[in-house]
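Here's a quick tour of how two chains meet and what sits inside them. Have the structure open as you read.

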Amino acid sequence: MDKIYDVVIIGAGVTGCAIARELSRYKLSVLLTDKENDISCGASRANSAIIHAGYDPEPGSLMAQLNVDGNRMTGDICEKLNVPFKRIGALVLAFNDEDMETVEKLYRNGVANGVPGVEIIGREKLRELEPNVSENAVGALLSPSAGIINPWEYTIALAENAVENGAEYKLRFETASITRESGVDGASIFTLTSAKDETVKARCIINAAGVHSEEIARLGLFGEDVELGFRTIPSKGQYFLLDKTQGTLFSRVMFQCPSKVGKGVLVSPTVHGNLIVGPDAVDVDDPDNTCTTSDALAFIRKTASLTTDTVSYRDNIRNFSGIRPNTDRGDFVIEPSPVEARFINSAGIKSPGLSSAPAIAVKVAELVKESGIELAEKESFVETREVVRFRELDNEERAKLVAEHPEFGRIICRCETITEGEILAAIHSPITPLSLDAVKRRCGAGLGRCQGGFCGPRVLEFLVRELGISPNDVLKDLDGSWIVKLRDDETTN
Amino acid sequence: MNRNYDVIVVGGGPAGLAAALEANKNGAERVLIIERDKELGGILNQCIHNGFGLHYFKEQLTGPEYAQRFIDMLEGTGIEVKTDTMVLSVTPDKKVWAMNTEDGYCCFNAGAVVLAMGCRERTRGAISIPGERPSGVFTAGTAQRYINIEGYMVGKKVLILGSGDIGLIMARRMTLEGAKVLAVCELMPYSNGLKRNIAQCLDDYGIPLYLSHTVTDIKGKNRLESVTVSRVDENLAPIPGTEIEFDCDTLLLSVGLIPENELSRNAGVPIDRRTNGAVVWQDRQTEIDGIFACGNVLHVHDLVDFVTKESMIAGRAAAEYVKNGGFPETTAENTVSLAAGNGVSYVVPQKIAVERTEKFVEAFFRVRTTYKDSEIVVRADGEELNVIKKSQLLPAEMERVVLPKAMLQKAAGKEITIEVRTKGDN
């Protein structure tokens with residue numbers, strides 16, 4: 001008989017992975033699934049990479065509470081899981097009286113939401129803190145608890161930690177249908193069937209499917225004629241990512257005043273030392289089309305020029321876009337299906353979803369418990385994750401590491417100073433990477449200014465050698481994204 | 001292990017090899033070449049086509065052959081080589097931090113350092129090509145490495161953006177490997193490659209060249225499926241309605257090279273925004289005493305022969321610097337600065353110490369656009385020092401003027417500009 005998992009999670013983005021990790025504290029069998037070939041392939045890998053302080057959400061909303069709690073929890077988790085996170089603080093810039101009113105409202109929100117340390121600062125203090133800010137900025141909200149993070153490594157670290165603690169994962173499993181039947185105790189047993197006709201069984205399902213969370217939530221109505229209570233409205237945001245030459249223009253996250261559609265165009269250093277500029281916000285029909293467009297990029301440059309005119313776009317190294325899983329609800333949708341207590345939706349996790357993820361996970365675990373599944377803590381829970389980052393070591397530590405482990409003495413990614421040892425560690429990490437981008441997400445090789453031009457062929461060889469696969473099967477990113485073909489192979493046509 | 005050297009050369013490509021050999025020939029006793037790859041030769045190793053060496057050796061060589069000539073010359077010189085070794089930093093007091101799997105992470109001391117790290121390719125991101133981000137979009141050099149070094153094929157239906165030399169060479173290479181090259185597109189109204197490469201790599205194979213065209217969209221969720229190309233106006237902006245869609249699985253980008261100056265910047269070497277390379281004196285010393293730069297890390301060359309010649313200047317000067325315990329300070333009155341005037345995008349060197357000039361200094365420069373029947377004017381303080389007639393000037397081909405010592409003495413303390421004058425100008 002098929003194994004019946006206590007909990008199956010649909011979607012291995014930051015929410016799904018945080019939930020998997022939280023549930024792996026307990027004596028439960030947990031399966032994390034995703035339709036793609038790796039963790040963090042949706043909104044979690046393409047966003048502003050900000051841990052928001054929590055002054056944006058309306059006081060009293062679920063979002064307000066989870067954002068502020070999540071922000072606080074993120075620092076601790078990142079320290080334990082060895083994820084790049086820096087609490088550098090944020091400024092929301094005002095350029096006129098109307099903006100100042102917004103800043104004052106955000107300040108009041110922040111105080112009401114319990115955001116630590118928020119204050120309104122004037123022009124002089126602003127320029128003292130950030131000399132490269134535009135002369136036109138008249139004041140700002142300063143919020144010291146905001147931070148910057150590596151969002152995909154964070155997501156992968158959460159998943160790895162869950163796996164370390166006994167959770168299982170199944171990638172390339174696209175849930176196409178779900179059926180339920182009554183188990184021996186009268187509670188439901190669910191069968192999830194994938195697009196490739198594989199099945200898994202569960203006592204409880206958690207929908208963390210991001211931009212696809214409405215589709216999955218509808219499967220959780222099991223054909224009953226009831227209102228779902230929300231609708232997703234995917235919204236695309238595009239970005240510039242600039243070289244490290246631009247990474248020191250600002251020392252904080254520089255926001256403009258938010259509007260209805262998003263938090264406005266920001267300019268911010270990243271944890272890797274680059275500069276990120278974006279996003280815009282445009283509703284889209286296709287939740288999977290992450291193309292960039294020249295009009296949107298031009299709009300972003302123009303809007304960002306209000307914040308500063310010092311950015312050299314000649315030093316751009318990448319454009320990308322992400323799709324926000326916005327809904328018509330205005331708040332996160334974290335609740336059981338109207339017809340099934342053990343089908344829990346964690347849907348519409350738009351910004352500040354990345355910031356809220358650990359708090360969302362705790363909230364979802366409570367709902368699992370409320371549904372009648374026992375949460376008994378395991379005797380031991382591994383809380384930490386070890387990662388070697390050669391670049392961050394001092395001279396003495398570097399010498400010692402290379403003397404002991406010569407594979408760390410060979411730099412493969414010269415832009416980001418990533419060693420062979422780090423790449424091999426990534427390839428043999430708990431969730432095996434199958435693509436150059438999956439290796440990049442684990443150790444940073446290929447993230448830099450040459451965009452993998454130099455290290456790509458080397459990483460491809462490592463994947464071939466270490467995993468014993470054909471070069472034909474090494475992917476750039478998602479399934480189907482082949483890179484090279486052996487010469488005697490005719491399947492290229 | 002000895003850690004003290006007279007001259008340390010960072011990079012074992014054509015620039016580093018020539019600099020090291022010339023430093024050795026001019027009396028530097030302990031010379032070390034540090035190369036990050038497993039073999040010396042740099043990018044020449046993947047340039048298996050011929051056409052190298054016509055100026056320097058007066059014969060046609062392939063890239064690996066050209067490199068091998070210099071590698072062979074190392075024998076018996078006592079020049080030390082560390083391959084598979086990465087330099088992680090160079091300090092202004094000429095300490096070189098490097099690492100490999102055998103020696104580990106260690107610091108070498110140099111009397112003089114020659115920076116010869118070469119360049120990298122501009123990427124899709126550098127020019128913000130919009131669209132989806134499938135696989136199958138390669139810089140031309142990366143595709144060249146996959147094909148010529150690793151022995152793989154990168155695709156079967158190919159479009160190439162950029163008519164720089166690597167793009168042209170790859171159009172031929174892909175064709176010879178059985179791929180169909182649909183077209184080469186070039187943003188500018190003229191090609192950025194050598195004339196001989198247009199003839200030998202495109203014309204000979206019937207590959208069309210679309211001038212004043214650029215890529216405006218990329219489609220393909222996983223692997224590249226199609227590329228949209230549009231004509232551009234005189235401001236290089238795409239013209240709506242001119243789109244042509246090419247079904248292809250591969251897009252190669254040959255859209256420019258960027259000197260790899262991260263080590264130089266971290267050492268505090270001032271960089272010229274026009275060349276993206278160091279500001280140098282005529283002997284290729286940077287603004288930091290005892291640190292020299294040459295080859296494509298200084299400015300992007302079109303022929304390796306010129307890289308070799310430039311690197312010999314740097315290597316010889318590095319040896320002189322060590323032998324003499326440094327160069328005497330050059331006063332402002334004894335300095336000539338070189339500037340790019342009308343129609344010229346950059347000039348190297350940027351500074352000349354008049355008293356260190358033997359007979360003349362060669363100034364290298366590029367023009368901004370194509371010119372027919374024009375003149376190169378060398379000028380100081382409004383006075384024309386030299387005028388050279390040119391039937392044709394191309395941005396793709398580096399130009400050169402000779403500045404005799406007498407002219408430099410006359411211009412000492414001033415700025416010399418090099419400019420293009422066309423018939424309409426006065």
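This is a predicted model: local features need pLDDT of at least 70, side-chain atom pairs count only at pLDDT 80 or more; totals for chains, interfaces and linings use all residues.

Residues are numbered from 1 along each chain as its sequence is written, with chains lettered from A and ligands numbered from 1 in the order in which they are written.

**Where the chains meet**

- Strand β23 (residues 485-486) of chain A pairs with β11(B) in the antiparallel sense, over 2 bridges (strands pair if DSSP finds at least two bridges between them; strands are DSSP runs of E, at least two residues, and helices are runs of H or I, at least four, numbered from the N terminus).
- Chain B puts 35 residues into the contact and chain A puts in 41 (two residues are in contact if their C-beta atoms, placed from the backbone, lie within 7 Å).
- On the side of chain B that touches chain A, α3(B) gives the most, with 5 residues.
- That side of chain B splits into 11 nonpolar, 14 polar and 10 charged residues (Ala, Val, Leu, Ile, Met, Phe, Trp, Tyr, Cys and Pro count as nonpolar, Asp, Glu, Lys and Arg as charged, and the others, Gly among them, as polar).

**Around β13 of chain B**

- Strand β13 (residues 180-186) of chain B is mostly covered, with 6 of its 7 residues buried (buried means 20 or more other C-beta atoms within 10 Å of the residue's own, with C-beta atoms placed from the backbone).
- Strand β12 (residues 157-161) of chain B runs parallel to β13(B), joined by 5 bridges, and B:L161 has B:C185 as its bridge partner.
- β12(B), helix α4 (residues 165-176) of chain B and β13(B) form a right-handed β-α-β unit (with the strands pointing away from the viewer, the path from the first strand over the helix to the second runs clockwise).
- The chain then crosses from β13(B) through helix α5 (residues 195-202) to β14(B), again in a right-handed β-α-β crossover.
- β13(B) and strand β14 (residues 209-211) of chain B run parallel, joined by 3 bridges, and B:E186 stands opposite B:L211.

**Nonpolar cores**

- In the largest nonpolar core, of 165 residues, B:V7, B:V10, B:V114 and B:A318 touch the most other members (a core is a set of buried Ala, Val, Leu, Ile, Met, Phe, Trp, Tyr and Cys residues joined through C-beta atoms within 7 Å).
- Helix α7 (residues 304-323) of chain B gives the most to this core, with 10 residues.
- A second, separate core of 118 residues includes A:V7, A:L93, A:A159 and A:F250.

Technical notes
A residue is buried if 20 or more other C-beta atoms lie within 10 Å of its own, exposed if 12 or fewer, and partly exposed in between; C-beta atoms are placed from the backbone.
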